[in-house]
Amino acid sequence: MTTAAMLDPDTLHTRVQRFYAAQMQRLDERDIEGYAETFTDAAEFSHTPGRPPSRTRAGIIEDLRDFHHRFTDDPMQRRHWVNMIDVALAEDGSIVSTAYCLVVKVRPKQEPVFVSTVIHDVLVEIAGKLFTRSRHVSYD
Amino acid sequence: MTTAAMLDPDTLHTRVQRFYAAQMQRLDERDIEGYAETFTDAAEFSHTPGRPPSRTRAGIIEDLRDFHHRFTDDPMQRRHWVNMIDVALAEDGSIVSTAYCLVVKVRPKQEPVFVSTVIHDVLVEIAGKLFTRSRHVSYD
Amino acid sequence: MTTAAMLDPDTLHTRVQRFYAAQMQRLDERDIEGYAETFTDAAEFSHTPGRPPSRTRAGIIEDLRDFHHRFTDDPMQRRHWVNMIDVALAEDGSIVSTAYCLVVKVRPKQEPVFVSTVIHDVLVEIAGKLFTRSRHVSYD
């Protein structure tokens, strides 16, 4: 099996891009379970200042269901744009990824609203697939 | 010859990125003929709600000339940003690509205006080059 | 040693993406020296209309220190988003890269401000690393 540590840096970079595209498309479709599946079982996810991080897949699902609750009656489409991805391999074979994430919020007949963030991720490869082990989002 | 079906998913992803970069730079330079050449001869292109899709390269050229006619006296520069590309191979060897496309419209001395869309493409490889066989654009 | 001219176009494209991500993250952290190190020693950098291009790494550092001086008391975070990268190899082995660059400027409690530009780069590979030999930025 090819592990992340064996991949050349160019292939690894592309694989991380593919991972973010699939992961964020799930989030933006409000497929919370599908999004949580892209995290490891013991993952930590800190996405909003002042809100404690959620832990484990079940915890992430609960956290996001609660977080998205406020949008229930809000016809808002979010789009998470991730780019400018800087990837490095850590000693333990995990992947440290620092990337810009621009959140685009669109409501009918309104101009899009933007939130500029940076995501600080540790990704790991398990059985050939990438997962987020930890994510901390900082806000500009 | 290497066909899309033979490419590993990472290389295919990068090739689709390169394709969109070159294709959209042509469109944004209002090189309508050059843009149409990136579609197959029998392509279908549906880009605006309420407007019927255009078909064949000649049809796409005619459609876009008509569509751009409204911009003749408008000093607007458009930039099509495509990212978060999710690519899958279909049974018939074609490439199903779902990607975010943010259209940036810039007019002199004005703030940019943004339109958030998703492009739903089927791409095919012919003689080693990618072409759009169908494109449907949905608007957030 | 693998040189840019030996790389297949897909790998070269990814390498240029990685280069921009690392380069622009330095600039946005106001690591001016680190940013200047991504240019060749004799590089030319033209970034603002009406302002003469800076030359050599030392000249780029001096230019950017002067340019950033105006931001000293401005709590602005800039983010340079580079995408839609179109890359071609020149006869001399250098890499001609034309890419969209959207500059996002964020100030506390204000909506982000956007500047839409295109960067026209010549990159070269020296001892396996990419460097910018010349950069000219055009504004939409």
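Among contacts in chain A between residues at least 6 apart in sequence, 47% join residues at least 24 apart. A contact here means heavy atoms within 4.5 Å. Keep in mind that this is a predicted model, where local features need pLDDT of at least 70 and side-chain atom pairs count only at pLDDT 80 or more, while totals for chains, interfaces and linings use all residues. Residues are numbered from 1 along each chain as its sequence is written, chains are lettered from A and ligands numbered from 1 in the order in which they are written, and side-chain values use heavy atoms, with hydrogens and water left out.

Now the elements of chain A. How many helices and strands are there in chain A? There are 3 helices and 6 strands, and along the sequence they come in the pattern α-α-β-β-α-β-β-β-β. Both are DSSP runs numbered from the N terminus: helices are H or I with at least four residues, strands are E with at least two.

Next, overall dimensions. The C-alpha trace of chain A spans about 50 × 30 × 25 Å along its principal axes.

Of the 140 residues of chain A, 54% count as buried. Buried means under 20% relative accessible area, exposed means over 50%, and partly exposed is in between, with a 1.4 Å probe and protein chains only. Chain A exposes about 6500 Å², and carbon and sulfur atoms supply 52% of that area. Accessible areas come from the Shrake-Rupley method with a 1.4 Å probe; for residues, only the protein chains shown count as cover.

From the record: an unreviewed UniProt entry lists residues 14-135 of chain A as "domain: SnoaL-like". Such annotations may be inferred rather than shown by experiment. The span is 28% helix and 46% strand, and its end C-alpha atoms lie 19 Å apart.

Finally, two residues of chain B. Is Gly50(B) buried or exposed? Gly50(B) is exposed, because its relative accessible area is 87%. The residue sits in the loop between β1 (39-46) and β2 (54-55) of chain B. Its C-alpha atom is separated by 25 Å from that of Pro75(B), 25 residues apart along the chain.

Lys129(B) belongs to strand β6 (residues 129-139) of chain B. Lys129(B) is exposed, with a relative accessible area of 52%.
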